[in-house]
Amino acid sequence: MPRRRAIETAAIRFDIVDSAAALATVIAAVSEIGGKIRALTTVRLIEAEPALAEIELEVEGVTDEALVSALEAIDGVRTVHLTQALARVFGKRIIVVGGGAQVAQVALGAVSEADRHNLRGERISVDTIPLVGEEPIAAAVRAVADLQRARLLVLAGSIMGGDISVAADELRAVGIPIIALNMVGSITDHVDLVISDPVQAGTMAVMAVADTATFDLERQRGRRY
């Protein structure tokens, strides 16, 4: 799959009075200094008087100092401190969804392989959720498109199809590839790569997104192992 160039991003966490106009004010301030917002997340709500929201903000195209100054000038902003962009800390995300036993084995392979690459400067993390049933799994597949830094999905189970296959097509259409275990159901016709061994599936998932690997998912697309 195509490699993405690393982009330096200023990251900051701050508390702001929790009002209807709070985030609009932040967006306007970032725009005024020429920044491009890459992540804007409410981390938690703080019970206080007035109520506060703790916000994590990542902005491209500005310096740390300029971002701090812009936010400190906003009425309602309280504590401000610099952090690191999550892409630098947790990096690319491999998402593993499916039956608990299979998910655990995929995670074993993925974490072991990620360790090798992270020691060489990569940042790859592995997220898992064991689920049973067509509706919950299909919903999880669709939700991967909304996860920040998600780069690849592994479907691990013994039978999948129906709406899960439809959701898989939708996810691939937005550019997120899918590896699936060899299983019963139509899902194996709606993914990029099918692998029988769950540990190998996890290993190859990490290799597919690692800049420190030479594995090219494009050349393997449609194959079964």
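Helices, in this description, are DSSP runs of H or I with at least four residues, numbered from the N terminus. The legends below refer to a predicted model.

**Figure 1. Overall view of the protein chain in the predicted model.** The secondary structure of the protein chain consists of eight helices and nine strands. Along the principal axes, its C-alpha atoms occupy a box of roughly 60 × 35 × 25 Å. The protein chain has 225 residues, of which 45% count as buried. Of the contacts with a separation of 6 or more, 74% link residues 24 or more positions apart.

Figure 2. Helix α3 spans residues 86-89 and includes A87. The relative accessibility of A87 is 45%, so this residue counts as partly exposed. Once neighbours within four places in sequence are set aside, A87 is in contact with R123 and R149. A87 and I137 are separated by 50 residues in sequence, and their C-alpha atoms lie 26 Å apart in space.

Figure 3. K92 belongs to strand β5, which covers residues 92-98. Because its relative accessibility is 12%, K92 counts as buried. Beyond its neighbours within four places in sequence, K92 is in contact with E122, R123, I124 and S125, with R149 and R151, and with V209, A210 and D211.

Figure 4. Strand β6, made up of residues 124-130, contains S125. The relative accessible area of S125 is 15%, and the residue is therefore buried. Its side chain reaches the backbone oxygen of F90 at a distance of 3.2 Å. When residues up to four places away in sequence are not counted, S125 touches F90, K92, R93 and I94.

**Figure 5. Close-up of the contact between helices α5 and α6.** Two packed helices are described by the angle between their axes and the distance between the axes. The axes of α5 (residues 134-143) and α6 (residues 163-173) come within 8 Å and cross at roughly 0 degrees. This crossing angle is why α5 is described as roughly parallel to α6. From α5, the contact involves E134, I137, A138, V141 and R142; from α6, it involves D163, I164, V166, A167, A168, E170 and L171. Eight of the residues in the contact of α5 with α6 are nonpolar, four are charged and none is polar.

Figure 6. I179 is located in strand β8, formed by residues 178-181. With a relative accessible area of 0%, I179 is buried. I179 and L152 are 27 residues apart along the chain, and 7.8 Å separates their C-alpha atoms. Neighbours within four places in sequence aside, the contacts of I179 include L152, L153, V154 and L155. L193 and I195 are also in contact with I179, as are A201, M204 and A205.

**Figure 7. Close-up of helix α7 and its start.** Helix α7 comprises the twelve residues 198-209. From its first C-alpha to its last, α7 reaches 17 Å, close to the 16 Å expected at 1.5 Å a residue. At the start of α7, a side-chain oxygen of D197 comes to within 3.2 Å of the backbone nitrogen of V199. The buried residues in α7 are P198, A201, G202, M204, A205, V206, A208 and V209. Among them, A201, M204 and A205 are in contact with I179, and V209 is in contact with K92.

Technical notes
Residues numbered from 1 in each chain as written. Predicted model: local features only at pLDDT ≥ 70, side-chain atom pairs only at ≥ 80, totals over all residues. Heavy atoms only, no water. Helix = DSSP H or I, 4+ residues; strand = E, 2+ residues; numbered from the N terminus. Expected span 1.5 Å × (residues − 1). Buried < 20%, exposed > 50% of the residue type's maximum accessible area, 1.4 Å probe, protein only. Polar contact = N/O pair within 3.5 Å; in protein donor to acceptor, adjacent residues only side chain to side chain. Axes fitted to C-alpha atoms, helices over the stretch in contact; angles between N-to-C directions. Parallel < 35°, antiparallel > 145°, perpendicular 65-115°, else oblique. Contact = heavy atoms within 4.5 Å. Nonpolar A, V, L, I, M, F, W, Y, C, P; charged D, E, K, R; others polar.
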